[in-house]
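This briefing goes through a few features of the structure shown below. Keep the structure in view while reading the points.

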Amino acid sequence: MTKIIKTEKVQAWYGTEKALNGISLDINKNKVTAIIGPSGCGKSTFIRCLNRMHEVIPGAKVTGKVLVNDVDIYSAQVDPVDIRRKIGMVFQKPNPFPTMSIFNNVASGLKLNGITDKKFVAESVEKSLKMAALWDEVKTRLHHSGMSLSGGQQQRLCIARALAVEPDILLMDEPASALDPISTLRIEELLQELKKEYTIVIVTHNMQQAARISDYTAFLLNGDLIEYDLTESMFTKPNDKRTEDYITGRFG
Amino acid sequence: MNNLQAQYNKHMIRRKATNYIMLTMMVLCAVIALIPLISILTHIGASGIKGLNLGFITNLPSPVGETGGGMGNGLVGTLILVTIASVIGIPLGVLTAIYLSEYQQIGIFPSVVRFVADSLLGIPSIVVGIFAYVVIVIPMKSFSAFAGGAALGIMLIPIIIRGTEGMLRMVPDSYREAGLALGMRKWRVIVSIVLPTAIRGIVTTIMLGIARISGETAPLLLTAFGNHYWSTRIDQPIAALPLQIFNYAISPFEEWHNQAWSGSLLLILLVLIISIVSRVATRQQKFK
Amino acid sequence: MLSASWVDRIFKVITLLAASAVVALLFAIIIKLYTQSSFSIDKFGFSFITSTDWNPVTGEYGALPFIFGTVVSSFIAILIAVPISVGVAIFLTEIAPRWLSTPIGFLVELLAAIPSVIYGLWGIFIFVPFVRNYIQMPLHDVLGWMPLFSGPPLGIGMLAAGLILAIMIIPIITAISKDIISSVPILQREGALALGATKWETIKYAVLPYAKTGILGGIILGLGRAIGETMAVTMVIGNRAEISSSIFAPAHSMAAVIANEFTEATEDVYLSAIIEIGLLLFLVTFVLNGLARFFIWSVARGPRGGIRQ
């Protein structure tokens, strides 16, 4: 099994407040890894460390190592811009660019990265929208504003936007938390398709969701990694008392 | 997949260069914006300090060729004008803000009032001068301190309305509810709870407004008119610091130019001290 | 208890009266400006704004030279102030660390606190000579063959007025742009960054498109201020009612002519004509302000549709 991401003692701060106490975790290629834990446990912070988005927040700091394909993304020679286009990210709330059309939203990453071949861009937009299971719903109105879509469609648009850049890894920060159950289901189905080509790391506060969609699960609590295992093992026979308490709903 | 990523790399150098160039331009913009401020302050400081002494703020202007003239009458005139403006503008502004914040927050009339206040804020000061001339100078048949003060007062009203409304709205509703639950009348709640809570912010707003109008010149040309002598009568033309600076600045005499610089130093100290002190005071005020 | 409830009612009525008085004030301004200029409006009609003849001796009043001077100097001001102000706003919100952005933001705000007569004084003695020696002379030497840069480099004139106006409106446009840019959701920036955008690309593709309507509102507000500015302009524009193709040439402005000639206007028609210029100034700034508030408000409300935060 190829380990596409390896983290070593990742610690993160917001100002003086410590959010991660040293997380060491290896993520397997072409699998879905779920990060679960109660709110405030550092799960969002952790995945933001994987594409250097944590440092975007003023006062935020990261130490430790994150190796992506055996390259330390925090080494001085690495530009975060290069990292982020190899690792796509989908956020808690859909954030399409409101002034761009559906087409341009999906194409924005390509155009940004200097791809101007119109035919290639159009094909790529179609492919990405199909992968995001949105194509049939929007193919007749690609030039409408991205804001004209429903919340669930907007989130799939954001997934398509992330896919168009053709990253190796897709990070998802509670992508369904702002969505209704039907939209959530569609996103979950989509993940099963996507994992054939991508490595997916998804943060979720919903344990059933983690159990349904992921191959591996990591449980974080108060900035510490408590347990990391095959999802099946963790949900049937957790090794740690705290994990058991959490997944059986005794806190969180 | 790797093919596309490789294509991206071709553009990275250009993109990163653009990034650095544009970010440097933004830094340059900030530098360019500050150069005039530094130039104005240093020239006023350097040229103004020479003539600024006790005599300058107590004496009358002297004719060309005589030394020792000052802008005492202008300073006193400005203080009188600002006082008249405050008497007109503060009650009207604060009461309107109380209406907007405490009695009628939403609806057509409050929206109209806010729109009017914003419009008044945007009227060129010279136009306010024309209005004060038409309604005060013409009937009184004389330029007067009152007309000048009224013009400045009109300019003060919208500043106070919008500032005070904002300050009153920062007072948490729970404070009002606490008062009402104790059986207090609404006016009591406003006078004893809401206003005292917001008083520092309101005073700050008023001070900023006063700082802003005390340097106004254009409306005074048509109303207060200026005066070479001591006058404290509100029905007579009155001197004002900004008017004297203007008259001296456009005169052909170098001594008067020097006086204009000293007058500017005096005016800017007045304006900047009021605005800096009140801004620092607002920074310390925090509601949650 | 009855008397206590009266106090309540009286208090409310007093505040309502104050609010009504403020509204009445604006109406009074409109009505007075209109009635006082009606003599001129009736006499000259539409030709008032198309005629270039402003002659108190013959009793002919056409305001075009003043309108021209105001429009050109304000246009120059906007041309210079907009890129700088937006740049400063971006610098303050997106680039500078907080320990730097707070004091610099404060200093830029101070520019707005300086009285306009002081800008005029500084303009006459410091800025105009600078404009003549370091902007007009080189431009004249190189591009003097173009009508736009022809004529003797006097210093005073439309260019100097426009530049000084630019300095005066930079804090206004900056303040509003800064507020608008800070109101762009962080998620928009992160969306672009996560696609691999550089900082500048994030600003260009995610921040500015979102903020552009509001920034336009700030620009219009700045324009309104530039059009109505009196003292600094009258002190550096040259106060000559001429229309010239050169931006170096002295000119006049609507606000400046009111300041200069109002107290000399002894004849009714003369005074009425000057007040009509005031009415025009009022109407233009009134419309611009309404427009600006609308744009700023529409961004504060956010784009239509979809999920908002």
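In chain B, the axes of helix 5 (residues 125-140) and helix 6 (residues 145-169) come within 9 Å and cross at roughly 135°. This is a predicted model.

- The crossing of helix 5 of chain B past helix 6 of chain B is right-handed.
- Helix 5 of chain B contributes Ser125(B), Val128(B), Gly129(B), Ala132(B), Tyr133(B), Ile136(B) and Val137(B) to the contact.
- Facing them from helix 6 of chain B are Phe146(B), Ala147(B), Ala150(B), Ala151(B), Ile154(B) and Met155(B).
- By class, the residues of this contact are 11 nonpolar, two polar and no charged.

**The domains of chain B**

- Chain B has two parts: domain 1 covers 2-49 and domain 2 covers 58-284.
- The C-alpha centres of domain 1 and domain 2 of chain B are 38 Å apart.
- Where these domains touch, five residues of domain 1 of chain B are in contact with six residues of domain 2 of chain B.
- On the domain 1 side of that contact in chain B there are two nonpolar, three polar and no charged residues.

**Chain C against chain B**

- The contact involves 65 residues of chain C and 69 residues of chain B.
- Helix 1 (residues 2-44) of chain C supplies 19 residues, the largest share of the chain C side.
- That side of chain C consists of 47 nonpolar, 13 polar and five charged residues.

**A sheet in chain A**

- Six strands of chain A form an open sheet in the order 6-7-8-3-9-10, and the pairing is mixed.
- Strand 6 (87-90) and strand 10 (224-230) of chain A are the edge strands; each has a single partner strand, so one side of each is left without a neighbour in the sheet.
- From one strand to the next, the twist averages 15°.
- Strands of a sheet pair through backbone hydrogen bonds, in parallel or antiparallel fashion.
- Strand 7 (residues 169-173) and strand 8 (residues 199-203) of chain A run parallel and are joined by five bridges.
- Opposite Asp173(A) stands Val203(A) in strand 8 of chain A.
- Helix 6 (residues 151-164) of chain A lies across strand 6 and strand 7 of chain A, and runs at about 170° to strand 6.

Terms used
Residues numbered from 1 in each chain as written. Chains lettered and ligands numbered in written order. Predicted model: local features only at pLDDT ≥ 70, side-chain atom pairs only at ≥ 80, totals over all residues. Domains from an automatic or database assignment. Contact = placed C-beta atoms within 7 Å. Nonpolar A, V, L, I, M, F, W, Y, C, P; charged D, E, K, R; others polar. Pairing = 2+ DSSP bridges. Helix = DSSP H or I, 4+ residues; strand = E, 2+ residues; numbered from the N terminus. Axes fitted to C-alpha atoms, helices over the stretch in contact; angles between N-to-C directions. Left-handed = near helix turned anticlockwise from the far one by under 90°.
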